[in-house]
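Subject: Structure for you to look at

Hello,

Here is the structure I said I would pass on. My notes on what was found in it follow below.

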Amino acid sequence: AKATTMIAVLQVVEVRLRAPDGDREHRTHALFDSGSSLTWLRSDVANRLQLPTVGEREITLDVFGERMAAPMRTKQVRVRALHAQDNNYSLCLKVW
């Protein structure tokens, strides 16, 4: 029998994130997930950019139809995403 190879294609793009004060910038990759109801940023990136917390929220994650047992406390931060033509977009992200 011939083995078949499965390929998963994800919508990923390189982005430049900038702190709201414009002093710090970080290049990373963004995953576009049309099934997600929130947008996430890793805490190490938020810390590196010294992003200010603009809110907090307790959430419970549903992963592949299963609920995680313990609620999670998240911080909401504001960051600027830079477009290839240097257009700025202000985003509010949840940090984990």
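To start with one detail, Val13 stands opposite Ala30 of β2. This is a predicted model, and that pairing belongs to β1 and strand β2 (residues 25-31), which run antiparallel and share seven bridges. Six residues lie between the two strands of this hairpin, and Gly22 there takes a positive phi near 80°.

Overall layout

The chain has eight strands and one helix. In sequence order the pattern is β-β-β-α-β-β-β-β-β. Of the 96 residues in the chain, 20% are buried. Contacts between residues at least 6 apart in sequence include 39% that join residues at least 24 apart.

Confidence

The average pLDDT of the chain is 78, and 76% of the residues score at least 70. Where pLDDT is low, the predicted coordinates should not be read in detail.

Salt bridges

How many salt bridges does the structure hold? There are six, and three of them are described here.

Glu25 and Arg18 meet through their side chains, at 2.7 Å from N to O. Glu25 has a relative accessible area of 38% and is partly exposed. Arg18, at 22%, also counts as partly exposed, because the cut-off for buried is under 20%.

Asp21 and Arg24 form another salt bridge, at 3.1 Å from N to O. Asp21 is partly exposed at 46% relative accessibility, and Arg24 is partly exposed at 21%.

In the salt bridge between Glu56 and Arg73, the closest N and O atoms are 3.4 Å apart. Glu56 lies in strand β4 (residues 53-59) and Arg73 in strand β7 (residues 72-82), so this pair ties together parts that are 17 residues apart in sequence. Glu56 is partly exposed, with a relative accessible area of 48%, whereas Arg73 counts as exposed at 52%. The two fall into separate classes because exposed means over 50%.

Back at the Glu25 and Arg18 pair, there is also a network: salt bridges that share partners join Arg16, Arg18 and Glu25.

Nonpolar surface patch

Which residues make the nonpolar surface patch of about 310 Å²? They are Leu10, Val12 and Leu31. Leu10 lies in the segment before β1 (12-18). With a relative accessible area of 60%, Leu10 is exposed.

Met72

Met72 is found in strand β7, the strand that also holds Arg73. Is Met72 buried, partly exposed or exposed? At 26% relative accessibility, Met72 counts as partly exposed. Met72 and Arg57 are 15 residues apart in sequence, and their C-alpha atoms are 8.3 Å apart in space.

When you go through the model, the parts to set side by side are the β1 and β2 hairpin with Gly22, and the Glu56 and Arg73 pair that ties β4 to β7.

Regards

How values were computed
Residues numbered from 1 in each chain as written. Heavy atoms only, no water. pLDDT = per-residue confidence, 0-100. Salt bridge = Lys/Arg side-chain N within 4 Å of Asp/Glu carboxyl O. Buried < 20%, exposed > 50% of the residue type's maximum accessible area, 1.4 Å probe, protein only. Helix = DSSP H or I, 4+ residues; strand = E, 2+ residues; numbered from the N terminus. Patch = residues over 30% accessible without salt bridge, like charges linked within 9 Å, V, L, I, M, F, W, Y side chains within 5 Å. Areas by Shrake-Rupley, 256 points an atom, 1.4 Å probe, with all protein chains shown as cover. Pairing = 2+ DSSP bridges. Contact = heavy atoms within 4.5 Å.
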